[in-house]
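Here is a quick tour for someone meeting this structure for the first time. Have a look at the sequence and the 3D view, then read on.

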Amino acid sequence: MQRIGEILQEQFGLDEESLTAALEVKQEKGGKTGNILVQQQKITEEQLLEARSLQCGLSVVRELPKEIEPFFVERVPIGYLKKYKMIPVATSEESFVALAEPQFFQQLDDLKRLLDWEGMRVVLAPQNEIFVAINAAYDITSQGAADRVMQDMHEEETPDSIFSAIEETADLLDDTSDAPVIKLVNLVLSQAVRDNASDIHIEPYKDRVKIRKRVDGILYDMYSPPRHVLAKLISRVKIMARMDIAEKRLPQDGRIEIRIADKNVDIRVSTLPTAFGERVVMRLLDKSTAYLPLQALGLAPRDMESFLELIKAPHGIILVTGPTGSGKTTTLYSALGILNSPDVNIITVEDPIEYQMDGVSQMQVNAKIGLTFANGLRTIVRQDPDIILVGEIRDLETAEIAIQAALTGHLVFSTLHTNDAASAVTRLIDMGVEPFLVSSSVNAILAQRLVRQICPDCRESFEPSQEYLAKAGLSLEELGGRLLHRGVGCQACFDTGYRGRIGIFELMILSDELKRFTLTTSDAGQIKNKALEMEGSSMLTLRQDGLNKVLAGQTTLEEVFRVT
């Protein structure tokens, strides 16, 4: 059998140097050559799958059916399928076994014997597709299962059952604890991760408790457990987050690190005392997710060109602004991904560290021991950095150190919470930074929002009415006979018509003329108008960029108006 490295060289142009480096890692740490090359971003997962297909003569299925008959759930442990990365697929049209790594042929034969599936067709499929299908089959997330779990939560259940065996299991879906409250928490977390939720809310009201998840920026109801469950539910989450379960009068913060279906998930937990009990919000960060390439964020071609030039500047500050959850950190990581090379020293100070980046020194803020953004940044400047990322400029002290770093030859990236690009200048001056320091250090400000993208599975075109266009200040003449698009709603998008998100951006470059203007006024409206009116200005406002994406069929007018 031909080696995978040879196939990758012949078919996909893998260079000898990359292959040698991967083989060295394999010899030192173990693993498979193909997987190491994917981790090092020398090849894509798709190329590896094609190479394995050529190596073992199996056909490739890139997408598994959404509806798989879970006939095997009672007979095959979930751990077996996940360990050997395979799943039996049976639908009304076809049956086959999907496999991610062909070397597990012995375990494949065992699975076939167990299910009486000898002679069944075998195909290769992406690992992620297989894990999603396994989770969907074994996940106890049907509403019926949730109702059964909540019915089990009787008043007389002893507290001991809640506090039992709390240390994380290898995988949350493998946790078979009998305590109903543990089942419910596991149920909520696993479903939220499966649906790519960014937050989970547990909200107490006078006569009920609401559990909600935020997907693509919108909150959806999950469950409404009985009111008496609240105390046990909060205690379970607090124990997992290593918080003080006895303190119910003060807000608390904590962190949970769990593994769900081969994903390492970091959960930030925040509690808040309300009139009807403690409210909990959990922010989910998937650590196994790689940062997005800059090209995938949705920057307009002109803005993209300008931004690529800006991030290669030798010094100065580049600010990314927007509300919480608007993708600011993702944009900054994408920029660092381009700049990250062996001859550049990049250091970050963050709260929390959202993505692990190879070749970048990342420092976590820890207020309990006095490690604030300001203190961390002060130390970083002494570490001979070329590029510094400050998670957020929250106060005058952090702003002043960042400006000093920019003025002494460092390129500084950071974020601010403002509504648009021009407001960032106002915000810095409001913090107490001198206007001349802002104008001499800040190179550019990028404001952004996230809008939901139209679901590709149920997308349809339509001719908008004059009233519909009037809301956006457009006319039928300006539309030029073009059709707009919307999502009808299907199973893939939870009947919302939207799936995934894309950024809309407002890039304000501080030219010499605009810098001089900021010395005369800190009024955000005047600064914005000046930036738009300047000769040769190609600046798009958030709404203009959003409307361009509506005309391109990527999102809808409702979405643009929701966020701008």
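This is a predicted model: local features need pLDDT of at least 70, side-chain atom pairs count only at pLDDT 80 or more; totals for chains, interfaces and linings use all residues.

## Around Val122

Leaving aside neighbours within four places in sequence, Val122 touches Leu58, Val97, Leu99, Leu108 and Lys112; a contact here means heavy atoms within 4.5 Å. You'll find Val122 in strand β3, residues 122-124. Strands (E, at least two residues) and helices (H or I, at least four) are DSSP runs, numbered from the N terminus.

Val122 counts as buried because its relative accessibility is 13%. The cut-offs are under 20% relative accessible area for buried, over 50% for exposed and partly exposed in between, with a 1.4 Å probe and protein chains only. Val60 sits 62 residues away from Val122 along the chain, yet their C-alpha atoms are 9.5 Å apart.

Residues are numbered from 1 along each chain as its sequence is written, and side-chain values use heavy atoms, leaving out hydrogens and water.

The protein chain has an average pLDDT of 86, and 92% of its residues score at least 70; pLDDT is the predictor's confidence in each residue, from 0 to 100. Residues 154-170 fall below 50, and that stretch has 27 contacts in the model beyond near neighbours in sequence.

Helix α10 (residues 180-194) and helix α11 (residues 230-240) have axes that come within 9 Å and cross at roughly 70°. The axes are lines fitted to C-alpha atoms over the stretch in contact, with angles from 0 to 180 degrees between N-to-C directions. So α10 and α11 are roughly perpendicular, a label for angles of 65 to 115 degrees (under 35 is roughly parallel, over 145 roughly antiparallel, the rest oblique).

Who meets whom? On the α10 side there are Val181, Ile182, Leu184, Val185 and Leu189, and on the α11 side Lys232, Leu233, Arg236, Val237 and Met240.

Most residues other than glycine have a negative phi. Asp216 lies in the loop between β5 (209-215) and β6 (218-223), and counts as buried because its relative accessibility is 17%.

Asp384 also has a positive phi, near 55°. Its place is the loop between α14 (373-380) and β13 (387-390). Is Asp384 buried or exposed? Asp384 is exposed, with a relative accessible area of 61%.
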